[in-house]
Amino acid sequence: MRLLSCIVLVGCLLSGPQSHGAEREIDRIAAIVDSGVVLESEVREVVDRVKRNAASQGQGLPSDQVLRVQALERLIQTSLQMQMANRMGLQISDAQLDQTIQRIAAGEGMSLDQFRLQVEQEEGSYQQFRERLREEITTNEVMRNAVQRRIYISPQEVESLLRVMQEQGATSEQYNIGHILIGVPNQASTDDIEQARRQAERVLELLREGTDFRQQAITSSSGSRALEGGDMGWMNINEMPTLFAEAIRGKRRGDMIGPLRSGAGFHILTIFDIRGENVAEIEEVKSRHVLIRPSIILSEERARDRLARFVADFRNGTVSFADFAREHSEDPGSRNNGGDLGWAEPDIFVPEFRDTLRSLDLNEISEPFRTEHGWHVVQVLERRSVDATADRQREQIYRMIFNRRFSEESTTFLRELRDEAYIEVVD
């Protein structure tokens, strides 16, 4: 295995008498991760990206050495998840990737060409951006597949939380939380735990003295969001890990909270911001769709082209949507109903489907688009607003509990994945 850690040399490939016998370093292995490696060039690329983002936001950063440690840890986690994806046979096709990029560009109000130009101006290589996005989608799928199986939510849990929220007035506040984790190893000794506790208290002291939280998170945290300055995004108090929710309740913007002890280590939190939801009604959409799944026999291009021809024929009035869906759609839940999906909140669908529903006018049919399930076309038939009934509240509460559990189990999954792997950091 040590042979993997040697420097890659190309002296024998250099031409001309002045280069005879010369050696030039191309790249270096930074870490061996099970059957894969992390290259020094990859670490530098992550560090440079963090620096660019920080500079654009006017944010301070710790030393390059601290950034390198955090970047290497992120890449080790990514390598382990990508290797798991390979074992699962999970691949993100170019068509899925193109669909995601089109959705991102549309969300930014840009054409695909404009978006590509912006990526090249900000990051240099559009191809690198594509492959990094493919990697991100893949690791998210690995996480979802691995963690969902660990989560069970009973009807009693939903009813219990519903009663509590009704008694407390069901606060609509959302919190933008900052998180720093001072981790402890599995089977930690008493000395390990005490050392981590002292480090957490020192970090908290620095924060109370005015040290920037995001910079300190990059410097000290072993949490999964360290390189993002510990930013966990927006969440309702019922979506947070239970440990965090109990500590956050009643706190104000800017408060420092912790250290909080868990099996993962010592947590320090802050509240970056608070906002209210105040949603009184829910939008529902009545729609119908056709799904074509690519296969060994039917390529991505042929599946998309079949739907494109159908869309053209439907707009010309030469084909019936319901008849085509009954004959060709591969969605067993809606095929017999002519593709009819009934009334539903757009949020229950995968992001690509949800965003397409929201972008369409009444009776408008979409162009073919790709999701994880295959190629779709969808038509919006009606829209309506409905009151948030008890059933709707139960659905929302289920999602809150699920999000909380998913966050907790994701941390456990990543720790287990790392603990079971062979990892050698190369000096």
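**Reading the features**

Author: Start at the end of a helix. Just after α3, Gly-109 has a positive phi of about 70 degrees. Keep in mind throughout that this is a predicted model.

Reader: How many residues does helix α3 have, and what span should they cover?

Author: The general idea is to multiply 1.5 Å by one less than the number of residues. Helix α3 (residues 94-107) has 14 residues, which should span 20 Å, and its end C-alpha atoms are 20 Å apart, in agreement.

Reader: Which residues of α3 are buried?

Author: Buried means under 20% relative accessible area. In α3 the buried residues include Ala-95, Gln-96, Leu-97 and Gln-99. Thr-100, Ile-101 and Ala-105 are buried too.

Reader: What does helix α1 look like when read this way?

Author: Helix α1 covers residues 40-57, and its 18 residues reach 26 Å from the first C-alpha to the last, close to the expected 26 Å. Its buried residues are Glu-40, Val-43, Val-46, Val-47, Arg-49, Val-50 and Ala-54. Just after α1, Gly-58 has a positive phi of about 65 degrees.

Reader: Where is Asp-34 found, and what is its phi near?

Author: Asp-34 is in the loop between β1 and β2. Its phi is near 50 degrees, a positive value in a residue other than glycine. With a relative accessible area of 31%, Asp-34 is partly exposed. Asn-363 also has a positive phi, near 70 degrees, and is not a glycine; its place is in the loop between α12 and β9.

Reader: On to salt bridges. How many does the count come to?

Author: The idea is a side-chain nitrogen of Lys or Arg within 4 Å of a carboxyl oxygen of Asp or Glu. By that rule the count comes to 33 salt bridges. One of them joins the side chains of Arg-134 and Glu-131, with N to O at 3.1 Å.

Reader: How far apart in the helix are Arg-134 and Glu-131?

Author: Both lie in helix α5 (residues 126-148), and because they are three residues apart, about one helical turn separates them. Arg-134 is buried, at 17% relative accessible area, while Glu-131 is partly exposed, at 34%. Both also belong to a network of salt bridges that links Asp-94, Asp-98, Arg-130, Glu-131 and Arg-134.

Reader: Where do Glu-194 and Arg-197 lie?

Author: Glu-194 and Arg-197 are in helix α7 (residues 190-208), three residues apart, about one turn of the helix. Their side chains meet in a salt bridge, 2.1 Å from N to O. Glu-194 is partly exposed, with a relative accessible area of 28%, and Arg-197 is partly exposed at 27%.

Reader: Which residue forms a salt bridge with Glu-367?

Author: Arg-315 does, and the closest N and O atoms of the two are 2.7 Å apart. This pair links distant parts of the chain, 52 residues apart: Glu-367 is in the loop between α12 (351-359) and β9 (369-371), and Arg-315 is in helix α10 (residues 300-315). Glu-367 is partly exposed at 46% relative accessibility, and so is Arg-315, with a relative accessible area of 47%.

Reader: How many aromatic pairs are there?

Author: The count comes to ten aromatic pairs. In one of them, the rings of Phe-310 and Phe-324 have centres 4.1 Å apart and planes at 10 degrees, so the pair is stacked. Phe-310 lies in helix α10 and Phe-324 in helix α11 (residues 321-328), so the pair ties together parts 14 residues apart in sequence. Phe-310 is buried at 2% relative accessible area, and Phe-324 is buried at 11%. Ring pairs link Phe-310, Phe-314, Phe-321 and Phe-324 into a cluster.

Reader: Which residue lies over the face of Trp-234?

Author: Arg-275 does, at 4.1 Å from the ring centre. Arg-261 lies over the face of Phe-266, at 5.1 Å from the ring centre.

Reader: Last, the peptide bond from Gly-258 to Pro-259: cis or trans?

Author: The bond is cis, with omega near -5 degrees. Pro-259 has its place in strand β5 (residues 256-262).

Conventions:
Residues numbered from 1 in each chain as written. Predicted model: local features only at pLDDT ≥ 70, side-chain atom pairs only at ≥ 80, totals over all residues. Heavy atoms only, no water. Helix = DSSP H or I, 4+ residues; strand = E, 2+ residues; numbered from the N terminus. Buried < 20%, exposed > 50% of the residue type's maximum accessible area, 1.4 Å probe, protein only. Phe/Tyr/Trp six-rings, centres within 6.5 Å; stacked < 30°, edge-to-face > 60°. Lys NZ or Arg CZ within 6 Å of the ring centre and 35° of its normal.
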